[in-house]
Amino acid sequence: MFQKILIANRGEIAVRIIRACKELGIETVAVYSEIDNNALHVQLADKAVCIGPAKSTESYLNMKNILSAAVALGVDAIHPGFGFLSENATFARLVNTCGITFIGPDGDVIDRMGNKSAARALMLENGIPVVPGSNGSVKNLEEAQNAADEIGFPVLIKASAGGGGRGMRKAFTQEEFEQAYTAAKAEAKACFNDDDIYIEKLILNPKHIEFQIMADNFGNVVHLGERDCSIQRRNQKLLEEGPSAALTPKLRESMGRHAVQAAKAAGYRNAGTIEYVLDQNGNYYFIEMNTRIQVEHPVTEMITGIDLVREQILIASNHPLSFTQDDVVLNGHAIECRINAENPKEDFRPCPGQVCGINLPGGLGIRVDSALYQGYKIPATYDSMIAKLIVYGNTRDEAICRMSRALEEMIVQGVDTNIELHYMILQNEVFLKGDFDTSFIEKNLEKLVK
C-alpha cells in the first residue's frame with residue numbers, strides 16, 4: 001500500500017480523495033495556488049505545497065511544479081481527481097517517469113480514448129454500437145461536407161480532442177454546415193490546441209446514459225451500473241441520478257456488457273466511464289470514454305455501497321478488485337445536484353465571493369461533498385461548482401422527496417447559487433415522470449427560472 005499520495009487538484013474532489021486516503025492510513029500532500037492558501041483541502045492534508053499563482057496554467061496545470069513537489073516530498077503516487085491534468089497523457093507518463101504511480105490509466109490509454117475519433121474506430125472494431133458518422137477525422141471542409149451529406153442531416157460536428165461540450169456544433173442543414181464547422185474547429189483549437197474534427201449523426205433529444213467501470217491490473221473488469229445524466233445545460237451536466245428510469249433489466253445488461261467490452265478493448269485500468277446516448281426507440285450508441293473518476297461518482301457509491309476512490313487507490317497499488325460483477329447490486333435510488341455559485345436568472349452568470357453564512361442539510365440518506373466553510377472566499381479563477389448534494393432513497397420518489405427537503409435546508413449566504421433551480425427541476429412534472437431527455441433544460445428553462 002502507498003505511504004504518501006499527492007492530490008493534484010483542488011476543491012471538493014481534493015477533499016474527497018484526502019478523506020479516502022486518511023481512512024486507508026495514507027499520508028496526504030495537497031498542492032494549492034496562491035489564491036487557495038486558505039482552501040479546505042489545504043487545511044485537511046498532512047502537508048501542503050504552493051505550486052504557483054491563481055491562474056490554473058501556472059499552478060494546477062503546471063506539471064513541472066507539481067512533479068517537483070511530488071519528488072521533493074517523496075510521494076508514492078499522485079491522484080489527479082477530475083479536470084485539470086486528470087486526462088493528460090503527458091502528465092501520466094511524466095509521473096511514471098519520476099518513479100511515482102499515476103492513479104489512473106496509463107498515458108497510451110488516455111491518448112487512445114481521449115481522441116474521440118480514434119476511440120470511435122476502436123469501438124467499431126470491437127462490435128460496440130456507435131453513432132453513425134465519418135470514418136475517423138475529416139481533413140478539410142469539403143471532406144466534412146461530403147461526410148455530412150452521406151450521413152444525412154442533422155449532424156454533430158465534434159472535436160476529436162473535445163470534452164465538456166467544447167468544440168461541438170450542430171448543423172441541421174447544408175446551409176448551416178460551413179459556419180458550424182468553422183466555429184467547431186476554432187473552438188477546438190482554442191480549447192485543446194487541436195482542431196481535428198469528425199462528424200456524427202445528431203441523435204435528436206436522446207437520453208445521456210453513462211456506465212461506471214472499474215478495472216484492475218489482473219484483467220478483471222466490471223461495471224457498476226448506470227447514471228442518467230440527461231439533465232444538462234449547454235452540454236454541462238446539472239443533475240445526475242441512478243439507476244435510470246429508462247432502462248429495462250435487459251437493456252441494462254446489454255449496455256453494461258458493452259461497457260466492459262469497451263474497457264477491455266482499450267486495455268483499461270482503474271476507474272472510467274463509458275458514455276452512451278439512448279434514443280427514443282431504445283437504441284444506444286457509444287459516444288466517448290472518460291478516463292478518470294467522474295464528478296457524479298457518488299451516485300454510484302450510494303446505490304452500490306462501493307467506495308470508488310478507495311478502489312482506485314487499491315487498484316493503483318496493485319491490488320485486485322475487491323468485488324466481482326456478481327457482487328455488484330444496485331439498491332434503491334440516488335440523485336446528485338451540482339450546486340454552483342452562479343445566477344440562473346442572469347444567464348447563469350458566475351458569482352464568486354465570500355460565504356458569510358452556510359447551513360448544510362443532514363439526516364438519513366444525505367451526503368454533501370464540498371470544500372465550503374463559513375468565511376471561505378470563492379475565487380473567480382476556477383469552475384463555479386461549490387458543492388455536490390447527494391441523496392439516497394429506497395425508491396426514486398423517495399429520493400426526489402428527500403432531495404427536495406435537503407435543498408430547502410441548504411443555505412449559502414453571500415453568493416448567488418442554483419439551489420432554487422434544482423428545487424424547481426424536482427417539482428417539474430416531466431422530471432417526476434422520468435420522461436425527460438437532454439433537451440429538458442432548454443425546453444423548460446422559463447418555467448424553472450422565474
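H333 of strand β14 (residues 333-340) stands opposite G393 in β21. Strands β14 and β21 (residues 385-393) run antiparallel and are joined by eight bridges. Helices (H or I, at least four residues) and strands (E, at least two) are DSSP runs, numbered from the N terminus. The model is predicted: local features need pLDDT of at least 70, side-chain atom pairs count only at pLDDT 80 or more, and totals for chains, interfaces and linings use all residues. Residues are numbered from 1 along each chain as its sequence is written, and side-chain values use heavy atoms, with hydrogens and water left out.

Both strands belong to an open sheet of eight strands, in the order β13-β12-β9-β10-β11-β14-β21-β19, with antiparallel pairing. Two strands pair if DSSP finds at least two bridges between them. The edge strands, β13 and β19, each pair on one side only. From one strand to the next the twist averages 25°.

β19 and β21 pair in the antiparallel sense over five bridges, and V368 stands opposite L389 in β21. Five of the five residues of β19 are buried (under 20% relative accessible area, with exposed over 50% and partly exposed in between, for a 1.4 Å probe and protein chains only). I366, V368 and S370 point one way from β19, while R367 and D369 point the other way.

| β13 | 284-290 |
| β19 | 366-370 |

Helix α11 (residues 308-316) lies across β9, β10 and β12, and runs at about 40° to β9. Axes are lines fitted to C-alpha atoms, for helices over the stretch in contact, and angles run from 0 to 180 degrees between N-to-C directions.

Elsewhere, helix α7 (residues 141-151) has A144, A147, A148 and I151 as its buried residues. Seen down the axis of α7, these fall within an arc of 100°, so they line one face of the helix. The arc is that of the directions from the helix axis to the C-beta atoms. E142 and E150 are exposed on the other side of α7. The cover over the buried residues of α7 includes β6, α8 and β8.

The axes of helices α13 (residues 419-427) and α15 (residues 440-448) come within 11 Å and cross at roughly 105°. That makes α13 roughly perpendicular to α15 (65 to 115 degrees; under 35 counts as roughly parallel, over 145 as roughly antiparallel and the rest as oblique). L421, M424 and I425 of α13 make the contact with F440, I441, K447 and L448 of α15, where contact means heavy atoms within 4.5 Å.
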